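Subject: Structure handover

Hello,

Here is the structure we talked about. Please look it over, then read my notes below.

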Amino acid sequence: MTTRREFLERFGAGLVVTLVSRDLFAATTSHQSAGTSNQAEQVGAWLHVAADGRVTVYTGKVEFGQGIRTSLAQEVAEELRVPMSSIQMVMGDTELTPFDMGTFGSLSTPQMGTKLRKVSAAARDLLIGLAAQRWRTTPASLTAADGRVHDPKSGRTIAYGELTKGRRLVENVRDDAELTDPTRWRVAGTSVPKVDARELVTGRHSYTSDIMRPGMLVGKVVRPTAYGSKLNEFDGGSAATFRGVVVTRDGDFAGVAAPDNDTATRALAAVRAAWTPPNGPLPDSRDIYAYLKSTRPKEGGERGGEGGRGGPIVKGDVDVALAGAEKRLTRSYTVAYIAHVPLEPRAAVAEWSRDGQGDKLTVWTGTQRPFAVRDELAEAFSLAQERVRVIVPDTGSGYGGKHTGECAVEAARLARAARKPVKLVWTREEEFRWAYFRPAGVIDVDAGVHNDGTLVAWAFDNYNSGPAAIAPWYEIPNQRVTYHPSDTPLRQGSYRGLAATANHFARETHINELAAVLTMDTLAFRLRNIQDSRLRDVFTAAAERFGWGKKAPTGHGYGMGGGFEKGGYFATFAEVAVEPRDGVREPRVVRAVTAFDNGPTINPDGLRNQIVGAMIQGIGGALFEAIDFDHGAVRNAHLAEYRVPRFSDVPKIEVVLMNRKDKPAMGAGEAPIMGMAPAIGAAIYEATGIRPRSMPMARAGLQMEVEAQPSR
Amino acid sequence: MRIELDVNGHRHHLDIEPSRTLLSVLRDELALTGTKYGCGEGQCGACTVLLGEHALRACSTPVSAAAGHPIITIEGLEHGGRLHPVQQAFLDEGAMQCGYCTPGMIMATVSLLRANPSPTEQQIIAGMQGNVCRCGTYPRIVAAVQRAASGRTASTKARQ
């Protein structure tokens, strides 16, 4: 990362404001060891107000379509009292921006947004102070608006830039500046249009995959047939005869670089490689669930509490309570491995250079964790961190799938071999085969309830899918909630919402099943067992908008699911029609309503866009997305074989924003995906009597066992 | 082999393999990177360009098949700083998130509206079914197509 001193050298006149702890800057003469969360908390944010009034904001967060380039700038505009058009956001550049852990976990709004509001508010106070000095008056008598300080009494005004003209002012601020109350927001809280939208509709925005460098070659990597294979024979001789082609091999890595994409593809096809697959046996997608349960638990690995970091959650005596419950229901739920399918595949452009201090590596790449990828590159090539620069252009989406730097490392290897800049863009097939997946999992639920609808016992065992949102938010006196890590035959990792989607699916489906056993209305049953008022409010608001309580048309069903995760409260209601198609019964979501509460809304239009998008993506995982595999090899590695939601899958969607101005602002990128699957499953059950317990529910129509009970 | 391409009203004489994809030639040779690679197999629509009046998947079209026909890419829609009405409609509806599918969506819309200037919602869905927006911006894209079809150009959407 850049030290404060190096950072300041970039600027001439103007005001530089840094929000950091003093401890860190006490020792900035040498590089701090980056990569610790401790440091992430210390270095907050920095911004520069130039002599011409332009504001440049530096943040390690990255824009992947979620809209933070706009919403974070709105928060700066709000507190600094400057027009949006004067703000430039510099994002995700390890040489320019403060260290950041990464853009994930719906943290940009609660953490970075708050930091930027604080540094902006402090900068505004500093500018007012400068004006007060100049005018020999008190700061309290002055106001700030439109990039100027105003003296209401005398009518004098002065532009921010003029206050610093010819001087360079550097101020460190603590994070105690007073923030504007959301009820008085004028820029934040409004639907400012996406700032870079014109670049997107004209095709002018340069994604990583669009970058051109002088002399640049296009790279391709030689891939095995199965993950974890060893390269034991390699012959790149014929590939190397193509004009301008470079072939390289280093251990199990081999690749080609060529002047254009088609030549690279043909050169790759001319490479002869023999691989030794990993030792078996490995399960295939049909027996994965038994495998995941049989390979658990790793010793001492059972977790669940403290957000998944601590041991299992235990309250009361769940075994006694289960035995004593008036009704008891035991069920098993499963979720498949699914792929992120970001429309821009993993991509990187790597360029080596030399200066007096030796090799320097610059990599442009679409990653959600630029500093982690910088460290990955530094380690791969034995470089000091400051000899690697990672730059993240606004990227063609990620959904949690672009946390790692494998594509960046591959591009840098090819560039080093070719002695030229190399661009590597993974093919769609490579994305499906060599990226990581949302984990598959099995979730067993054993619950006890009294006939009056009071939940008394809850045993919840998640195998492999993960501990996110594993704790029930229903009031249940006796609980044992456990996450059991397993061996996974496929590479797995982060995904929008992590395991919270799977845990909400199992939990909310089980709640729907319990309501059916009790012959209680599923909403009334929930409200009887939820005390949190914000959670009650989203269920009630969504129910009202949806028209809960009416009877669904013949062949249709209604259902709901909701919860709380990453600071967001959500309730989703769905109407599903089940229709015969190609000899099977095919569910189609025709209507969906989500009520969402993540505190005060920064940008209502952007928030609606995120929520609707998450709901639509959630339909894919709920109904038809799944990775097929056999002995470590993916069998449906093409879009023609891996179905994603398309126009015809989209229901009528309504969103209710709770806009709680009295609460902290939280993120929204993940939680709204989580209510779809349980709501759709419940609606299918009401329409057909079939209770889906596996995600996806209907890859080839509905095929689950039929139960006799009516739902409500 | 010499190939002559007519792209956005400009003639290009290229010495290239005729079997190369139109997508690679547009992006790597002509630096027209607004046309995107999404799947390479004609399944996602990110590489959509116009060949004459018709939408075409540049990723699975050999450049030789495109020679001699006027090709329009996303870069060719804007004239003198004025956005094409379909571009403006996408802007007005905020019909994007990451924007990677947007050029292909816009080209597909231009083609759709040339064939059918006032499509029903069902016709829009059927006509755009081959284009994927993984961010799930579909409802806004439908609204943008409808806006472009209606000829509304001013930014009149009531944003909440």
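Are H15(A) and H16(A) roughly parallel or roughly antiparallel to each other? They are roughly antiparallel, because angles over 145 degrees count as such, while those under 35 count as roughly parallel, 65 to 115 as roughly perpendicular and the rest as oblique. The details are below, after some ground rules.

This is a predicted model: local features need pLDDT of at least 70, side-chain atom pairs count only at pLDDT 80 or more, and totals for chains, interfaces and linings use all residues. Residues are numbered from 1 along each chain as its sequence is written, and chains are lettered from A and ligands numbered from 1 in the order in which they are written.

Helices (H or I, at least four residues) and strands (E, at least two) are DSSP runs, numbered from the N terminus.

**Helix pairs**

Helix H15 of chain A covers residues 522–529, and helix H16 of chain A covers 533–546. Their axes come within 10 Å and cross at roughly 160°. Axes here are lines fitted to C-alpha atoms, for helices over the stretch in contact, and angles run from 0 to 180 degrees between N-to-C directions. H15(A) passes H16(A) in a left-handed crossing (the near helix is turned anticlockwise from the far one by less than a right angle; clockwise would be right-handed). H15(A) brings Leu523(A), Arg526(A) and Leu527(A) to the contact. H16(A) brings Arg536(A), Phe539(A) and Ala543(A). Contact means that C-beta atoms, placed from the backbone, lie within 7 Å. By class, this contact has four nonpolar, no polar and two charged residues. Ala, Val, Leu, Ile, Met, Phe, Trp, Tyr, Cys and Pro count as nonpolar, Asp, Glu, Lys and Arg as charged, and the others, Gly among them, as polar.

The second pair is H4(A) and H5(A). They pack at about 30°, with axes 7 Å apart. That makes H4(A) roughly parallel to H5(A). The crossing of H4(A) past H5(A) is right-handed. Residues of H4(A) that meet H5(A) include Ile68(A), Leu72(A) and Val76(A). Among those on the H5(A) side are Met112(A), Leu116(A) and Ala123(A). The contact of H4(A) with H5(A) divides into eight nonpolar, five polar and four charged residues.

**Domains**

Chain A has domain 1 (4–201), domain 2 (208–278 + 346–425) and domain 3 (288–337 + 437–695). These bounds come from an automatic or database domain assignment. The centres of domain 1 and domain 3 of chain A, taken over C-alpha atoms, are 39 Å apart. Their contact takes 20 residues from domain 1 and 21 residues from domain 3. On the domain 1 side, helix H4 (68–80) and helix H5 (108–135) of chain A are the elements that give two or more residues. That side has six nonpolar, 13 polar and one charged residues.

**Chain A against chain B**

In this interface, 49 residues of chain A are in contact with 46 residues of chain B. Helix H7 (197–201), helix H8 (261–270) and helix H17 (604–623) of chain A each give two or more residues to the chain A side. H17(A) gives the most, with seven residues. The chain A side divides into 22 nonpolar, 17 polar and 10 charged residues.

**Strands**

Seven strands of chain A form an open sheet in the order E11-E12-E9-E19-E16-E17-E18, with mixed pairing. Two strands pair if DSSP finds at least two bridges between them. The edge strands are E11 (246–250) and E18 (388–391) of chain A. Neighbouring strands of this sheet are turned by 25° against each other on average, direction ignored. Within the sheet, E9 (217–221) and E19 (422–425) of chain A pair in the parallel sense over three bridges. Val218(A) stands opposite Lys423(A) there. H8(A) lies across E9 and E12 (253–258) of chain A, at about 140° to E12(A).

Elsewhere, E15 (327–335) and E20 (441–449) of chain A pair antiparallel over nine bridges. Ser332(A) has Asp444(A) as its bridge partner in E20(A). E15(A) also runs parallel to E29 (694–695) of chain A, joined by two bridges.

**Backbone**

The peptide bond from Met695(A) to Pro696(A) is cis, with omega near 0°. Asp146(A) has a positive phi, near 55°, and lies in the loop between E5 (143–145) and E6 (148–150) of chain A.

Best wishes

Definitions and conventions:
Two residues are in contact if their C-beta atoms, placed from the backbone, lie within 7 Å.
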